[in-house]
Each structure stands twice: as C-alpha cells, then as structure tokens.
Amino acid sequence: MKKIIIAYAFLLLTTQSCGIYSFTGGSTGDAKTIQIDYFPNNAILVEPTLSQKFTDALRDLFTRQTNLSLTTTGGDLYFEGEITDYKVIPITATADQAAAQNRLTIAVRVRFYNKLVEEDDFEKTFSFYSDFDANSQLIGGVLETALEEIFERLTQDIYNASVAKW
C-alpha cells in the first residue's frame with residue numbers, strides 16, 4: 001500500500017505544472033505571439049543560403065517548443081540580429097604539418113525584446129562550431145551536416161537564454 005501511495009504522489013507531482021512552463025523548460029508567460037526577423041549574413045565569408053536556413057531553424061524551434069503564434073510584426077517576443085562570423089580554420093595537424101581537421105564556426109548576434117517583461121531584454125552573441133575532416137570540402141552533405149549541428153546548438157542556446165532563462 002505504501003508503494004502505491006508513493007507512486008501516486010510521484011505521478012501527481014511530475015504531471016502538475018504552473019501553467020506557464022512548457023515540457024521543454026521554457027516560460028513564455030502571458031506572451032501569445034513571437035516575431036523572428038530575418039538574420040542577414042554580415043560575416044566576411046558569405047555562404048549564400050546561411051541567413052535563410054538559420055532564420056528558419058530559429059523559427060522552427062520556437063514554433064515546435066512553445067505555443068506561440070509566429071507573426072511578422074508586433075510580436076510579444078521579438079528577435080532580430082545578424083550573422084556576424086562564418087569562418088573555417090584548421091584545428092589539428094598531421095606529422096607533415098598539413099591540416100587533419102578543420103572547424104567551421106558561426107557566430108550570431110541576437111537582440112531579444114520581451115514587450116511584456118522588459119527586464120528580460122538582451123543583446124548577446126552566440127557561437128558554435130562543427131569539426132570536419134580536412135580532406136573533405138565544405139559543400140553538399142558535409143556542409144549540411146555541419147550547419148545542422150551548429151544550428152541545433154545555436155537555436156537551443158538562444159531559446160534557453162530567452163524563455164528558459166538559463
């Protein structure tokens with residue numbers, strides 16, 4: 001009987017919520033809409049599809065993990081910014097001083113505005129990288145895999161900073 005009561009109490013505690021938190025740990029408060037502007041690529045090295053792919057990845061994450069409606073103007077939560085860095089550098093070398101691995105790094109400056117709780121506003125730069133074999137060219141599948149890995153981390157970091165407040 002004691003085990004049943006403990007199991008019931010555990011189930012009750014784990015399924016209760018305050019109403020403003022999602023299962024992913026984010027709090028959108030009373031916000032109903034989100035506006036995520038296009039993030040232009042202002043990096044010195046330009047990958048043509050980078051801006052659109054990043055903007056779409058950020059929009060997708062917020063629409064999947066929150067109940068906010070995406071809008072083009074006047075969002076309760078508002079994101080704007082730009083891609084500030086896109087670079088490839090060698091990170092490991094072989095015995096004959098040739099690159100064995102390269103690293104693609106992308107940095108994004110984000111300005112976040114919460115119209116309902118202005119003290120949550122911030123401007124931050126987020127950066128992440130993906131390593132790939134130096135014998136591979138950064139095109140096709142290699143590029144897509146690297147962008148997927150980088151965008152997953154960047155968008156989650158932005159989500160955590162804005163609504164999860166980590």
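## About the model

The structure is a predicted model, in which local features need pLDDT of at least 70 and side-chain atom pairs count only at pLDDT 80 or more, while totals for chains, interfaces and linings use all residues. Residues are numbered from 1 along each chain as its sequence is written, and side-chain values use heavy atoms, with hydrogens and water left out.

## Overall fold

Let us start with the whole chain. Its secondary structure comes to three helices and five strands, taking helices (H or I, at least four residues) and strands (E, at least two) as DSSP runs numbered from the N terminus. Read from the N terminus on, the order of the elements is α-β-α-β-β-β-β-α.

Of the 166 residues in the chain, 37% are buried; here buried means under 20% relative accessible area, exposed over 50%, and partly exposed in between (1.4 Å probe, protein chains only). The accessible surface of the chain is about 10000 Å², and carbon and sulfur atoms hold 55% of that surface. These areas come from the Shrake-Rupley method with a 1.4 Å probe, and for residues only the protein chains shown count as cover. Among contacts (heavy atoms within 4.5 Å) with a separation of 6 or more, 67% are between residues 24 or more positions apart.

The expected span is 1.5 Å times one less than the number of residues. Buried in helix 2 are Leu50, Ser51, Phe54, Thr55, Leu58, Leu61, Phe62 and Gln65. They cover an arc of only 125 degrees around the axis, which puts them on the same side of helix 2; the arc is that of the directions from the helix axis to the C-beta atoms.

Helix 3 has 25 residues and reaches 34 Å from its first C-alpha to its last, close to the 36 Å expected at 1.5 Å a residue. After helix 3 comes Lys165, with a positive phi near 55 degrees.

## The nonpolar core

The largest nonpolar core has 36 residues, and Phe54, Phe62, Phe79, Leu104 and Ile106 touch the most other members. Such a core is a set of buried Ala, Val, Leu, Ile, Met, Phe, Trp, Tyr and Cys residues joined through side-chain atoms within 4.5 Å. At least two residues of this core come from each of strand 1 (33-36), helix 2, strand 3 (77-93), strand 4 (99-114), strand 5 (122-133) and helix 3 (140-164). Helix 3 gives the most, with 11 residues. In soluble globular proteins, nonpolar side chains tend to be buried together.

Neighbours within four places in sequence aside, Phe54 is in contact with Phe39, Ile83, Val108, Phe151, Leu154, Thr155 and Ile158. Leu61, also in helix 2, is buried with a relative accessible area of 4%. Leu61 is in contact with Thr155, Gln156 and Tyr159, again leaving aside neighbours within four places in sequence. Leu61 and Tyr159 are 98 residues apart in sequence, yet their C-alpha atoms are 8.0 Å apart in space.

Glu82 lies in strand 3 and is buried, with a relative accessible area of 10%. Its side chain makes a polar contact of 2.8 Å with the side chain of Arg109, and another of 3.0 Å joins the side chains of Glu82 and Arg111. A polar contact is a pair of N or O atoms within 3.5 Å; within protein, one must be able to donate a hydrogen and the other to accept it, and residues adjacent in sequence count only if both atoms are side-chain atoms. Arg111 is found in strand 4 and is buried at 16% relative accessible area.

Tyr78 also belongs to strand 3 and, at 17% relative accessibility, counts as buried. Not counting residues up to four places away in sequence, Tyr78 touches Gln35, Asp37, Arg111, Phe112 and Tyr113. Tyr78 and Ile36 are 42 residues apart in sequence and 5.9 Å apart in space, C-alpha to C-alpha.
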